[in-house]
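Q: Please take one close look at a single part: the places where chains touch. What do the contacts there consist of?

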Amino acid sequence: MRMRGERYFPYVLILPSVVGTFLLIVFPLVYSFFLSLTSFHLLKAQSLRFIGFHNYWEVLHDPAFWVALKNSLLFMVVVVNVELVLGLLVALLLNRASGGQGILRTLFMIPMMFPPILVGLQFRWFFNDQFGLLNNVLLSLGIIDRPIGWLVRTNTAMPAVMFADIWQNTPFTAVVFLAGLLSLPIEPLEAALVDGASPWQRFRYVILPMLRPLILIAMTIRSLDAGRKAFDLIMLMTGGGPAYATEILGTYTFRRAIVDYQFAYGAAISFIDMVLTVGFAVYLYRQLLKGRV
Amino acid sequence: MKSRRRREQVITALCTVFAVVILVALLFPTYWMVQTSFRVGREINAFPPVWFPREVTLSSYVKLFGSPHEEASLPFREYFRNSFLVAVLSGFFSIVLGTLAGYAFSRFEFRGKRNLFLSVILMRAIPGLALGLPLLVLFKRVQLVNTLSGLILTYTMLNTPFVIWLMEGFFADIPAELSEAALIDGCSRWRALWRVDIPLAAPGISASAIFSFLLSWNEFAIALILTRTPASRTLPVGLFDFVGEFFIDWGGMCAAGTIILIPVVVLTFFIQRWMVRGLTFGAIK
Amino acid sequence: MLFRRFLVTLVVFSLVVLLSLSAMAQEKKPFEGVVLNAYFIGGGAYEKLYTKIPEFEEQTGAKVNIAAKLSHFELNKRVAQEFASGGDIDVISTHTTFAPGQKDFLLPLNEYLTPEDLKDFTPSTIEASTVDGKLIMLPRHTDVRIMYYRTDLFEDPKEQEAFKAKYGYDLRPPTNWQELLDVAEFFTRPPDLYGFVFTGGEEPLVGTFYELLLSAGGNFFDEEGNVIFNQEPGQKALQLLVDLYYNKKATPEGVPNYRWDEVAKAFRDGLIAFYFDWPGWYTMMKDPKESKVAGKFGLAPYPVGPAGYAKIWGGSHGFAVAKSTKNPEAAVALVKFLTSGDNLYFEAKEGGFLPASISAYQRLKEDVAKTGDPLDLKRLELLEQELAGFVPPPKIPEYQEIVSAIWPELQKSLVEGRDVKVTLDIAAEKVRKILGR
């Protein structure tokens, strides 16, 4: 029995979402692109002049941009891979651990639900050169004789930030893999056991292949999140310093657009950032579709 | 055989021990932060470190909620209120929008249904600043900068696709026959939705609500750009300001951090059942 | 069962929403009279002046809403965003260093003030507050740095003996750069004591570098506006900082992250043998509740640079009115109130500042002559000397951008030891690009 207006029912249901998304997401992004084609400067009142792709040309010739890009990529690659491996190890461990699966899981999930800002705060304090816990412990154990400025040395700042991210997000991969491990079918494993396979062989040839789709999903989600969460983390821990050691695209955008007041330039950088990220997302999405069970 | 079983037991025991060790290591920085918030000033940065507080005090917390004209205190109450309002309201609106749309996607054939998953992923991919910068300029035109409403609108639209996706999955689990039965009995589509499907999807709605709340509660980059004053500044940005304003009041910072933590921990507890599903966009149930 | 659960959820949700909406509604109470939104510098002794604001509110019926109290970096960023997005902003804290960059958004005060109003201000501060012939801020107090040093260390006979044995001259607060390096090195005993400390990043780093650059006989630009800070004086200046931090490790490692608050706290906590700092911290330094070095420190003039003199970088803090204010009279009245002779005297007494008000300064000197605390007297003498010859940074609107562009480069030398000439050449190139030369 069809009622009048029923044909429109589904469209009515999605209309608010579509309109809202368009107004608040799509339109601003397009506007941002137009802004990047101007010379808009936050403090120069009449600065909205159209200058074409000049900003983009500048960005591509800006050494700091390339450093930030490199750092962004480096961060993502290292962090995601470490989290996948560590997460898998932890999941395997937890899988074998007895009792209290629910409690373990809940406690595990807490760090990954933190605001990244909070994680940044914790670790900024942890790595602090005057009273950070790390230096405190190392000093009192006599391993070092003067505190190390983890966040101010160019060769330790980035690892420190990566450490913070890994701390926060390994639980995510671990929980995902654990869920996968728990739902693995028993038969192939039992068959392998009967065939006399060693634990390593069982892992390598039975478990791992079955986990492949999960690995892909975890990698996708982590890769997409990495840049955004890293922004919050780095803003609080190092502000992008020292000397661009931890400057990623997000923090560089902020620096140019808000601190230096060069809004249009910042818009150009963020647009490039977005294109790269979205492009990568689409690529991962295609991979996911291919491997989707 | 017996030695094999013994070996299995040993391995299990070892794994449990390791798991506990890892758990402790994982939760340690958090434990340290929380207990620092209760520390007396002297002990906070004591060297060598004091592992368990000998004296407990609430003074860091008291200072946080002090009056605005007192020296060097932060409008923490306002930040908390702002974060709470924004998270609750944007969560609520995204639930409404998302549930309706999710229902539509699960029950009807659409062109572009495929693209739903893609758009959800894309939402996650947009760097905060890429959206925040233009919104700053646009909101200025409509007087929405530094308002709670501006944040609520933005967060709602950021969260909605995720909710749509989650709810689509939850609705898909509910057999269509149930609402069909209601239709046959004479209900309109709306009535059927309201009376049958939504109650059945209640767990999914709760889960989505909590996810949305947490996403808004934790958001930083956009809030950083769109808010100015305690009228609309949220907790994560307040924390960031802390580092400038309190210079090195670690007790205060840890107290603020602990307070920010509380809803997170509490709500995580409630949704841990749907955690994996939610975080992997329903790809794993 | 499920339906009941759903009902409960719905009720809870509605309650929450209702509560939230009513909480929001309560915010929209009507304001009585004029409301001025103020964005002030916060922290430490700066805030004592604000305790006088209720007096202003009572006198004028206006209400002052302090929208933000932040360190100047954070404050400037926020204020800039506020200006750009046309927010409600009436009065701000500013500084002779930053005001030229903000001038497009500041109300010229000469249209609202008479020469009578300005009589009480030290002329050099008014001069520094005037850009393009417009008075864009009223000065509050002037910052010039002096040397703080630990008397318990420098006057300890054992230390003096050891120092003389090692370096061949008497231990004293350093009078030139070589002595600065020697003394800093001598007193570095990590982790409890370091010889020196300085601000290793952002604008404070550039200002410190600027001061050393001037004392080495150089400058950012020459008379024609060419960039010259990468020449020899600049190299010597940067080399001093690199020697202190990187080569001799005579400062705490966290220096690149240290700003004004951190260096002052380090000295207050007894970690540092000597350093340079602003007069504003003096009162806190003397207070045994706040400072571990109360009663254990002395003051001395700056060491001279290779050019044979010491040029001090300084500037005046002050207040300005936003051009976009809807209540210019009220805003100007607030600014006048905050910078009145009485209030500046009050602030200087409480916080140890150098008031821009001539009458306030006189009263301070009289007070000190009466109490006769030798340290207070010495301090005022030193400051008076420096006030005569302090140098503000270049009053160009691009200064902020220049600072932003060069401090990461300077840090590269500090943190990695990159050759100073290379660093300065790169920095000079960046500055040329910004200025379009």
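**Salt bridges and chain contacts**

A: Over all chains, the count comes to 29 salt bridges (a side-chain nitrogen of Lys or Arg within 4 Å of a carboxyl oxygen of Asp or Glu). This is a predicted model: local features need pLDDT of at least 70, side-chain atom pairs need 80 or more, while totals for chains, interfaces and linings use all residues. Residues are numbered from 1 along each chain as written, chains are lettered from A and ligands numbered from 1 in written order, and side-chain values use heavy atoms, without hydrogens or water.

Start inside chain C. C:Glu211 pairs with C:Arg145 in a salt bridge, with the closest N and O atoms 2.8 Å apart. C:Glu211 sits in helix α10 (residues 202-215), while C:Arg145 sits in the loop between β6 (138-143) and β7 (146-150), so this pair ties together parts of chain C that are 66 residues apart in sequence. Helices (H or I, at least four residues) and strands (E, at least two) are DSSP runs, numbered from the N terminus.

Now cross from chain C to chain A. Here 35 residues of chain C are in contact with 28 residues of chain A (heavy atoms within 4.5 Å). The two chains bury about 2700 Å² between them, and 54% of that lies on carbon and sulfur atoms. Buried area is the accessible area (1.4 Å probe) lost on being put together, summed over both parts. Two salt bridges cross this interface. In one of these, the side chains of C:Lys433 and A:Glu58 meet at 3.9 Å, N to O. On the side of chain C that touches chain A, α3 (72-84), α18 (399-416) and α19 (420-435) each supply at least two residues. Helix α18 of chain C gives the largest share, ten residues. By class, that side of chain C has 15 nonpolar, ten polar and ten charged residues. (Ala, Val, Leu, Ile, Met, Phe, Trp, Tyr, Cys and Pro count as nonpolar; Asp, Glu, Lys and Arg as charged; the others, Gly among them, as polar.)

Next comes the interface of chain A and chain B. Chain A brings 92 residues to this contact, and chain B brings 100. Together they bury about 8500 Å², with 81% from carbon and sulfur atoms. On the chain A side, A:Arg96, A:Met113 and A:Trp125 lose the most area to chain B. Together these three account for 9% of what that side buries. Zero salt bridges are found across this interface. Helix α1 of chain A supplies the largest share of the side touching chain B, with 18 residues. By class, that side of chain A holds 67 nonpolar, 16 polar and nine charged residues.

Chain C and chain A share two salt bridges. Chain A and chain B share zero. Carbon and sulfur atoms give 54% of the area buried between chain C and chain A. For chain A and chain B, these atoms give 81%.
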